Every structure is written in structure tokens, then in C-alpha cells.
Amino acid sequence: MKDIQKFIAGFRNFRNEFFCREDAPFGLLCKGQNPTALVIACSDSRTDPSFIMQCEPGDIFVIRNVANIVPPYECDTGFHGVSSAIEYAVKVLKVNDIIVLGHSLCGGIDALMRDDAVRHTEFLNKWLTVMAPVREEVMEHFGEVNKKSCTACEMAGTLRSVQNLMTFPWIKKRMDEGNLFLHGWYFEMESGQLLSYMPTTKTFEPLTVSGVLSRKEDAAE
Ligand SMILES: [Zn+2]
């Protein structure tokens, strides 16, 4: 209840200090949104992409879920919440960039790595199996669950999600046309750094403008 009061006070502050400001963007935004980027981030309370990247309302279209996972393209009768939001961003909003934003100390990846931590959950266990092959590869290399292997899994999972984006035919088409770019980013919470996957070195490095996955072959691990 204490936090609810904090949220209400926060909204009051937003209204007074931002919404009612003369140059506030909502007048224009009421006519429609035109974000140029889709960000797919983790639901983790510490990794709000709008806050980290200091965005204004209308700047980014955001999907958040446990462990910032993009499942591969599947055209079946399931309820595909993530895929439908991706479809809207790409086909309707026509974003130019898609950023998958992974992060350190990810509880979702930790649960995936520890394997049994979420075994009895109703939905979470199934959701995380999208990244089961990534876990297998990481465990094959590291042999045990520790900070190093979890970090590797967070980064490899982010990259796998970028690769899964390319399994969507209309994403691949726009990439081939040169008007859609994919990015694998990683927020390192301890240092406050934003890293980007660099296709040339195949590593995550402090962000530069060249950290762009523009072709399918660039995303190969
Ligand atoms: Zn997370």
C-alpha cells in the first residue's frame, strides 16, 4: 500500500511537471504514434528500457517478458503475444530498428540455468524452454552454473532472440531490403554499461554505432 501511494504521487508529479507542460508531446501523440524502434526487454523491474535510454513517450515500442525472449516464428493456432506485438511494430508502425535488450543478473536466465528452479511453475518453465538449446551450449562449455556461465547464457540468449527474429519472413524481407536493422544489446547492471553485440568480433562490447546485425550471416554464433 505504501508503494501504491508512491505511484499515485508519481503520477501527480508526471501530470504537473510533464503532461501539462507547454512543450509536452501528448498533444501530438494523441494523433498517433510513430516510434522508430522496437525494444524487446526483460520484465525485470531494474531494466526499464525507456528509463535506461532516457526516452520520451512515443520514442520506442516496447515488448517485455521474462528473459527478453523472442520465440522462433511459428504459424499455428497458439496465442502468440510476443509475435503479434513484433508484427504490429514491423508491419504497421514500420520501425527501422529492433533492439533485443538483455541484461546481467537476470532472474529468468538464472532459473533456466538452474533448471529445477522453475520446474513446478505453470507457465514459466515452458516459456524458458525456448532457450533450452542455449543453456545446453553454455553448459557444455562451462560445465557448471556460476556467475560466468549465467552471464554467457544471458548474452547468448539475447543473441538467440535476435536470430529468432530473422525466422519471421517479413522481418527477413525488410532486412534484405535494407530498411530494418537488428541489434543485440546487453545492460550490465553492475557497471552501468550498455554493451552491443559486434558481428565482426562476435562479442558484446561497449556500445558503438557499428553494433548492427544487418544480415543473417552476421548473427551466426
Ligand atoms: Zn531478466
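User: Where is Asp48 found?

Analyst: The model is a predicted one. In it, Asp48 sits in the loop between strand 1 (37-42) and helix 3.

User: Why is Asp48 called partly exposed?

Analyst: Asp48 has a relative accessible area of 31%. Buried means under 20% and exposed means over 50%, with partly exposed in between. The value for Asp48 falls in between, so Asp48 is partly exposed.

User: How far apart are Asp48 and Cys75 in sequence and in space?

Analyst: In sequence, Asp48 and Cys75 are 27 residues apart. In space they are 30 Å apart, taken from C-alpha to C-alpha.

User: Why does Gln54 count as exposed?

Analyst: Its relative accessibility is 61%. The label exposed needs a value over 50%, so Gln54 counts as exposed. Gln54 belongs to the loop between helix 3 (49-52) and strand 2 (60-65).

User: What is the phi of Gln54?

Analyst: Gln54 has a positive phi, about 50°, although it is not a glycine. Most residues other than glycine have a negative phi.

User: Is Ala67 buried or exposed, and how do you know?

Analyst: Ala67 has a relative accessible area of 4%. Buried means under 20%, so Ala67 is buried. Ala67 lies in the loop between strand 2 and helix 4. Ala67 is not a glycine, yet its phi is positive, at about 70°.

User: What makes Met1 exposed?

Analyst: Met1 has 74% relative accessibility. The cut-off for exposed is over 50%, and therefore Met1 counts as exposed. Met1 is in the segment before helix 1 (2-19).

User: Which residues form a nonpolar patch with Met1?

Analyst: Ile4, Phe7 and Ile8 form the surface patch with Met1. Together the four have about 450 Å² of accessible area.

User: What lines the largest pocket?

Analyst: The lining has 16 residues, and Pro71, Glu74, His80, Lys126 and Trp127 lie nearest the centre of the pocket. Two or more lining residues come from each of helix 4 (81-92) and helix 6 (124-128). Helix 4 gives the most, with three residues. The volume of this pocket is about 470 Å³.

User: How do the lining residues divide by type?

Analyst: Seven are nonpolar, five are polar and four are charged. Among those nearest the centre, Glu74 and Lys126 are of types that count as charged.

How values were computed
Residues numbered from 1 in each chain as written. Predicted model: local features only at pLDDT ≥ 70, side-chain atom pairs only at ≥ 80, totals over all residues. Heavy atoms only, no water. Patch = residues over 30% accessible without salt bridge, like charges linked within 9 Å, V, L, I, M, F, W, Y side chains within 5 Å. Areas by Shrake-Rupley, 256 points an atom, 1.4 Å probe, with all protein chains shown as cover. Salt bridge = Lys/Arg side-chain N within 4 Å of Asp/Glu carboxyl O. Helix = DSSP H or I, 4+ residues; strand = E, 2+ residues; numbered from the N terminus. Buried < 20%, exposed > 50% of the residue type's maximum accessible area, 1.4 Å probe, protein only. 1 Å grid on protein atoms, 1.4 Å probe; cavity = no way out; pocket = protein on both sides within 12 Å on 5 of 7 lines; lining within 4 Å. Points joined across faces, edges and corners; volume = space filled by probe spheres on them.
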